[in-house]
Amino acid sequence: MKRFETNAIRTQVERSQHREHAVPLYLTSSYVFNDAEQARALFAEEEEGNIYSRFTNPNAAEFEEKVSLMEGAESAFSTATGMAAVFASLAPFLKTGDHVVSSSSVFGNTHKVMTEVLPQWGITCTYADIRDYSSWEKAITKNTRILFIETPSNPALDIIDLKQLADLAHAHQALLVVDNCFATPYLQQPISLGADMTLHSGTKYFDGQGRVMGGVIAGKKKDIKTIKNFIKRTGASISPFNAWVLSKSLETLAVRMDRHCSNALRLAEYLQDHQAIESVTYPFLPSYPKYDLAKKQMKQGGGLVCFEITGGVERGRKFLDALQMISLTANLGDTRSIATHPASTTHSKLTAQERAKVYIPDGMIRISAGLEHIEDIIEDIEQALSRSK
Ligand SMILES: Cc1ncc(COP(=O)(O)O)c(C=O)c1O
C-alpha cells in the first residue's frame, strides 16, 4: 500500500490513447454505448461504466478514489458543494421520527439544516456541547440515528475525542459523521478513530486556491452507495471540471498543509504575547485547553487561528478595515491569508445568545493563515492592531 502523499499524486484515471501525463478533463454530460445490449447492461448495473455525468464521471471517480485512500475509507462520493455533502451525510439515512444529535459548534449553514430543513420532514435535532462529553450522552434518545460533529469546529477551533464519541454512537446503534474540513485527512483521519463517515467542503483546503466549489463524503461501501443513489436522484453532483481541479489540487495538499500549519503556529505564538489581544486559540499552543488531545488526535494544529481583540466588536471591525494585505472574504484554506469576523458574517444568522453558547464572542477574529511569508502576515496584523487602537 502506498503512503498518503503518493496516493494523493499517483491515484489516476486510466490514460487515454494520447498517453497524457497530466489527467485529462472529461467534460462530457453523457457517454456513448457500444450497442443496445451494453446500454441495457449498464442501466441494469450488470456492467460497470459511465452512463451520465450526474451519476459518475472519470474525473469525479479519480477525486473520490483519492479521498477514500487519504481518509482510510472503503469508498467515497463527491458532491457539488460542501453543504451538499453535509446534507447527503444526513438525509438518506433519516426518516420522519428520527433524531440527530449535533454539536452546537457547527458551520452556520449546517445549523440551518439541523433546525430548519430536517424538521420540515419531522426529523428532530438536539444540540450537544463540544466541550462537554456528558451532554452528548444526555442528548441521545431511542430514535437517535446520527451523531454529527466538526472537530476542530468552525470557527472557535474546539475539538472532541473522536474515539470516545464513536464508541458512544455505536453503543446506541447510531452513526458518527465527522465534518473533517478544518483538519483535512493529512492531519486527522476520523475513520481510523471509529467514525462511520467523514466529509469535506472541497472548496477549502482541497482546492486550496479559492477557485472551485465541491464536497465529498468518505465511509463504508454500503453507506456511500446509499449516498451515491441519493445524489444521483436528487442532483447535487460535482461538475467534471471542479472534480478535475480538486483532484489535481490534492497532489499538493500535504506540502501546503505543512506550510499552513507552521505559519498558523508562528502567528498564534506571536499573538499570545501581544498586549492588544485578550485570548488566542490554536490547538497546538500549550495554553489550548485540550492540548494533549489535539496532540494525540491531530498531526499538526491546522491552518486557522482565532483571537479576541480587546475593545470588542467595534475594535474588531476597525482592525479588519485596517488590514492592508490579508483578504476580507468568506472562505478559508486559501494560499492567501483571510480574516473573518464570524459574528457579523458566517454566524450572523444566530442570535448573540446562540453565538455565546457556541463560544463565539462578538470580538472574535478568525485568521486562515495562507502561504505568504509569515513575516509579511505578522507585519500586516501588527500594523492593523496599532492603527485600530
Ligand atoms: C466546516 C464547514 N463545513 C461545510 C462547509 C460548507 O461548504 P461549501 O461552502 O463548500 O458548501 C463549510 C463552508 O464554509 C465549512 O466551513
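1. In this note, helices are DSSP runs of H or I with at least four residues, strands are DSSP runs of E with at least two, and both are numbered from the N terminus. Tyr359, in these terms, is found in the loop between α14 (352-357) and β12 (364-368). The model under discussion is a predicted one.

2. The backbone of Tyr359 deserves a remark. Its phi is positive, about 65°, although Tyr359 is not a glycine. Most residues other than glycine have a negative phi. With 19 other C-beta atoms within 10 Å, Tyr359 counts as partly exposed, because a residue needs 20 or more such neighbours to be called buried.

3. Arg19 also has a positive phi, near 55°, in a residue other than glycine. Arg19 belongs to the loop between α1 and α2. Is Arg19 buried or exposed? Arg19 is exposed, since 6 other C-beta atoms lie within 10 Å and the limit for an exposed residue is 12 or fewer.

4. The loop between α1 and α2 (36-43) holds Arg15 as well. Arg15 has 11 other C-beta atoms within 10 Å and is therefore exposed. From Arg15 to Val67 there are 52 residues in sequence, and the C-alpha to C-alpha distance is 20 Å.

5. Two cis peptide bonds should be noted. One joins Thr151 and Pro152, with omega about -5°; another joins Asn154 and Pro155, with omega about 0°. Pro152 is placed in the loop between β4 (144-150) and α7 (162-171), and Pro155 also lies in the loop between β4 and α7.

6. On the overall arrangement, the domain assignment of the protein gives domain 1 (4-250) and domain 2 (253-387). The centres of domain 1 and domain 2, taken over C-alpha atoms, are separated by 27 Å. Contacts between the two involve 31 residues of domain 1 and 33 residues of domain 2. On the side of domain 1 that touches domain 2, α1 (4-10), α5 (108-117) and α8 (184-187) each supply at least two residues. What is the make-up by class of the side of domain 1 that touches domain 2? There are 16 nonpolar, 10 polar and five charged residues.

7. Buried residues of α9 are Asp223, Ile224, Ile227, Lys228 and Ile231. Viewed down the helix axis, the buried residues of α9 fall within an arc of 140°, so they line one face of the helix. The face of α9 turned away from that buried side carries Lys222 and Arg233, which are exposed.

8. The surroundings of α9 can also be named. Its buried residues pack against β1 (75-79), α4, β6 (197-201) and β7 (215-219). After α9 comes Gly235, with a positive phi near 105°.

9. Helix α15 (residues 374-387) can be treated in the same manner. Its 14 residues, at 1.5 Å a residue, should span 20 Å; the end C-alpha atoms are 20 Å apart, in agreement. Ile377, Ile381, Ala384 and Leu385 are buried in α15.

Methods: Residues numbered from 1 in each chain as written. Predicted model: local features only at pLDDT ≥ 70, side-chain atom pairs only at ≥ 80, totals over all residues. Expected span 1.5 Å × (residues − 1). Domains from an automatic or database assignment. Contact = placed C-beta atoms within 7 Å. Nonpolar A, V, L, I, M, F, W, Y, C, P; charged D, E, K, R; others polar. Arc of directions from axis to C-beta.
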